[in-house]
Amino acid sequence: MKLVIFPTLLAVILFYSMPNAALAAATFNVLSFGAKADGHTDSAKAFTSAWAKACALAQPASIVVPQGRFLLGSVTFGGQCANKAISFEIQGTLVAPSDYSKDNWLMFEHVDGVSILGGVLDGQGTSLWNCKNSGKGSCPSGATTLQFSNSKNIFISGLSSLNSQLFHIVINGCQNVKVQGVTVTAAGNSPNTDGIHVQGSSDVTILSSKIRTGDDCISIGPGTTNLWIENIACGPGHGISIGSLGKEQKEAGVQNVTVKTVTFTGTQNGVRIKSWGRPSTGFVRHVIFQDAIMVNAQNPILIDQNYCPDNEGCPGQASGVKISDVTYKNIHGTSATEVAVNFDCSPKNPCIGIKLEDVKLTYKNQVAQASCVHADGATLGSVQPDSCL
Ligand SMILES: *[C@@H]1O[C@H](CO)[C@@H](O)[C@H](O)[C@H]1NC(C)=O
């Protein structure tokens, strides 16, 4: 008798002493909603049905995607959920259709408390890139692989994004987002395949990720505040870029950005701030780039405020974007071009408060050059090439 009662009692005690653990997450396996792991049956409906169940529940829920390849058309995972803790646990691969007809492939809108754990997202972008790279024109624009829009409390961990048609991951209009241990892979010549793009968002953290792609590893758009980026391997790619900014006349600024411990390997740029050469209310302030290693980056340290592709829409106009308080600290390595430090600021709004501290960049084992136009600031510690501030 005792032997029977004791475990029951123990279970009861555990249940009441660990309320969170006891409330095990409800689990929804996409296979039970009709998903097929065969790589060619469209499983979008099964995913949206599983999502609808999880969304309606007022307790934590997991949507489980087992191993295998799941073809999915464009899916929007919508909001107003009763649930504030839905996690996708993905062991398999989600495969995009290659008809490129939508702007977004996997879209989360107005959600709160969503996690994506693991998984591979295969954007199937190669034939679209080939079309774009052929220069013949009339190619579809393609889809962003994964977007979170107007959402909060988002966690993305251990996800791999492969061959996106356009941007891999977009964080737009969100609060409190953590991205960690993500791998982005696309060809070095794939057009507009930014790794992670953040805009209009606050309190976003991007940690311990490897990004190899054809455009910016991480791009930071207007209205980004309190962004922390740390421990990133970038390359091939165009580096980490704040911008392009100032395309719009009325535009929100970028404020409080930390970029720390990044290796740039064979990238077009290292750390860049870029704005259109046209009027704008935008600004960039309180930014620190620190502990970066450049391995043959073409433009390791760059501010370009005269961006104007095809010289259209900005004739003779200076950038309205005001850049201030930008620190470059402990940045070492090699530049693939002679000008390793290039501050090309706006004649109307010179860059102010630019700080270089412990910077050493060389070009072909020799002294590199620095160039400053409308840039003002100071140096600390040892700085090579000789500062032009
Ligand atoms: C700047 O952002 C970080 C997170 O990246 C945050 O911890 C810090 O409080 C912010 N600083 C200010 C002054 O808002």
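1. The disulfide of Cys-372 and Cys-388 is right-handed, because the torsion about its S-S bond is about 75°. A disulfide is here a pair of cysteine sulfur atoms within 2.5 Å, and in this pair the S to S distance is 2.0 Å. Cys-372 belongs to strand 30 (residues 369-373), whereas Cys-388 falls in the segment after strand 31 (375-384), so the bond ties together parts that are 16 residues apart in sequence. Helices (H or I, at least four residues) and strands (E, at least two) are DSSP runs, numbered from the N terminus.

2. The model is a predicted one, in which local features need pLDDT of at least 70, side-chain atom pairs count only at pLDDT 80 or more, and totals for chains, interfaces and linings use all residues. Residues are numbered from 1 along each chain as its sequence is written, and side-chain values use heavy atoms, with hydrogens and water left out.

3. The term buried means under 20% relative accessible area, exposed means over 50%, and partly exposed lies in between (1.4 Å probe, protein chains only).

4. A second disulfide joins Cys-55 to Cys-81, with an S to S distance of 2.1 Å. The link of Cys-55 and Cys-81 is left-handed, with -105° about the S-S bond. Cys-55 sits in helix 3 (residues 44-56) and Cys-81 in the loop between strand 5 (75-77) and strand 6 (86-90), so the pair ties together parts that are 26 residues apart in sequence. Cys-55 counts as buried at 11% relative accessibility, as does Cys-81 at 14%.

5. Cys-217 and Cys-234 are also joined by a disulfide, S to S 2.2 Å. With 85° about the S-S bond, the link of Cys-217 and Cys-234 is right-handed. This pair links distant parts of the chain, 17 residues apart: Cys-217 is in the loop between strand 18 (202-212) and strand 19 (218-220), and Cys-234 is in strand 20 (residues 225-234). Both Cys-217 and Cys-234 are buried.

6. How many disulfides does a search of the whole structure find? The search finds six. With bonded cysteines counted along the chain, they follow the pattern 1-2, 3-4, 5-6, 7-8, 9-10, 11-12. Cys-174, by contrast, is in no disulfide, and the nearest cysteine sulfur, that of Cys-81, is 14 Å away. Cys-174 is buried, with a relative accessible area of 0%.
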